[in-house]
Amino acid sequence: MIPKDPSLYLMEADGSLSLRFLHCGQCAALTFPANSYGCAKCGAPQDSGEIVSRPATGTLLEYVTVHAPLVKGIEPPFVVGDVLLAPGVVEEVVLDVQDESSLAPGIDVEGRACPDPDGRHFECRFAPVAATRKGGTQKGDAA
Ligand SMILES: [Zn+2]
């Protein structure tokens, strides 16, 4: 499978996903997506920096369940969240979870390849990192 949007993410040899950032040549800040107009921090032009790949992992900051068909190809309800991908870089992503029960602010999430319906591409969807889940048996709901 090939990335649906190779300017945003790509698959490493081990199957993990990487995100493509612009690494500023002036202030060394990271900007996502890499194909933006330039450094989000200092405004240096894109061609003064370089594009770097970093593991598609981050920290989930907050999340919300969406009940309207706002994202093409995704049946509501689905969960979107703000993920801290790198210092100062927060992106809103679609989370690959059934509902919010496996989520909490501050947990680690990672990008995974989800097959696109076209059968040729994959999209990057974020989900909780399984290894960091501490065998928590959640009784009842957290509401
Ligand atoms: Zn900069």
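**Note on an all-strand chain with a zinc site**

1. Asp 116 sits in the loop that runs between β9 (108–115) and β10 (121–128). The model is a predicted one. Is Asp 116 buried or exposed? Its relative accessibility is 9%, so Asp 116 counts as buried, the cut-off being under 20%. The side chain of Asp 116 makes a polar contact of 2.9 Å with that of Lys 4. Leaving out residues up to four places away in sequence, Asp 116 touches Lys 4, His 121, Phe 122 and Glu 123.

2. Next, the overall make-up. The chain has ten strands and zero helices. The C-alpha trace spans about 50 × 35 × 35 Å along its principal axes. Of the 143 residues, 34% are buried. Among contacts with a separation of 6 or more, 45% are between residues 24 or more positions apart.

3. Confidence should be read alongside the fold. Mean pLDDT for the chain is 89, and 91% of the residues reach 70 or more. Residues 132–143 are the stretch to treat with care: there the pLDDT is below 50. Beyond near neighbours in sequence, that stretch has two contacts in the model.

4. Which residues hold the zinc ion? The protein donors are the SG atoms of Cys 24, Cys 27, Cys 39 and Cys 42, lying 2.3 Å from the ion. Angles subtended by the four donor atoms run from 106 to 112°, and this makes the arrangement tetrahedral. Along the chain the donors follow the spacing C-x2-C-x11-C-x2-C. Cys 24 belongs to the loop between β3 (17–23) and β4 (30–31), while Cys 39 belongs to the loop between β4 and β5 (50–55). The pair therefore ties together parts that are 15 residues apart in sequence. Both Cys 24 and Cys 39 are buried.

5. The backbone has some points to check. Most residues other than glycine have a negative phi, and most peptide bonds are trans. Ala 28 is not a glycine, yet has a positive phi of about 70°. Ala 28 lies in the loop between β3 and β4. With a relative accessible area of 44%, Ala 28 is partly exposed.

6. There are cis peptide bonds as well. One joins Phe 32 and Pro 33, with omega about -5°. Pro 33 is placed in the loop between β4 and β5. Another joins Pro 76 and Pro 77, with omega about 0°. Pro 77 is in the loop between β6 (57–66) and β7 (78–86).

7. The largest nonpolar core has 21 residues. Leu 19, Phe 21, Leu 85, Val 89, Leu 95 and Phe 126 have the most contacts inside it. Which strands each supply at least two residues of this core? They are β3, β7, β8 (89–95) and β10. The largest share, four residues, comes from β7. Another core, of five residues, lies apart from this one; among its members are Val 66, Ile 74, Phe 78 and Val 94.

8. Leu 19 is worth a look on screen. Not counting residues up to four places away in sequence, Leu 19 touches Leu 8, Tyr 9, Phe 32, Val 52, Ser 53, Arg 54, Ala 56, Leu 85, Cys 124 and Phe 126. One of these, Phe 32, is a partner in the cis peptide bond with Pro 33. Two others, Leu 85 and Phe 126, are listed with Leu 19 among the core residues with the most contacts.

Technical notes. Residues are numbered from 1 along each chain as its sequence is written. This is a predicted model: local features need pLDDT of at least 70, side-chain atom pairs count only at pLDDT 80 or more; totals for chains, interfaces and linings use all residues. Side-chain values use heavy atoms; hydrogens and water are left out. Donors are N, O and S atoms within 2.8 Å of the metal (3.2 Å for Na, K and Ca); water is not among the atoms, so sites may look incomplete. Four donors count as tetrahedral if all angles lie between 85 and 135 degrees; four count as square planar and six as octahedral if opposite donors are over 155 degrees apart and all others between 65 and 115; anything else is irregular. Buried means under 20% relative accessible area, exposed over 50%, partly exposed in between (1.4 Å probe, protein chains only). A polar contact is a pair of N or O atoms within 3.5 Å; within protein, one must be able to donate a hydrogen and the other to accept it, and residues adjacent in sequence count only if both atoms are side-chain atoms. Contact means heavy atoms within 4.5 Å. pLDDT is the predictor's confidence in each residue, from 0 to 100. A nonpolar core is a set of buried Ala, Val, Leu, Ile, Met, Phe, Trp, Tyr and Cys residues joined through side-chain atoms within 4.5 Å.
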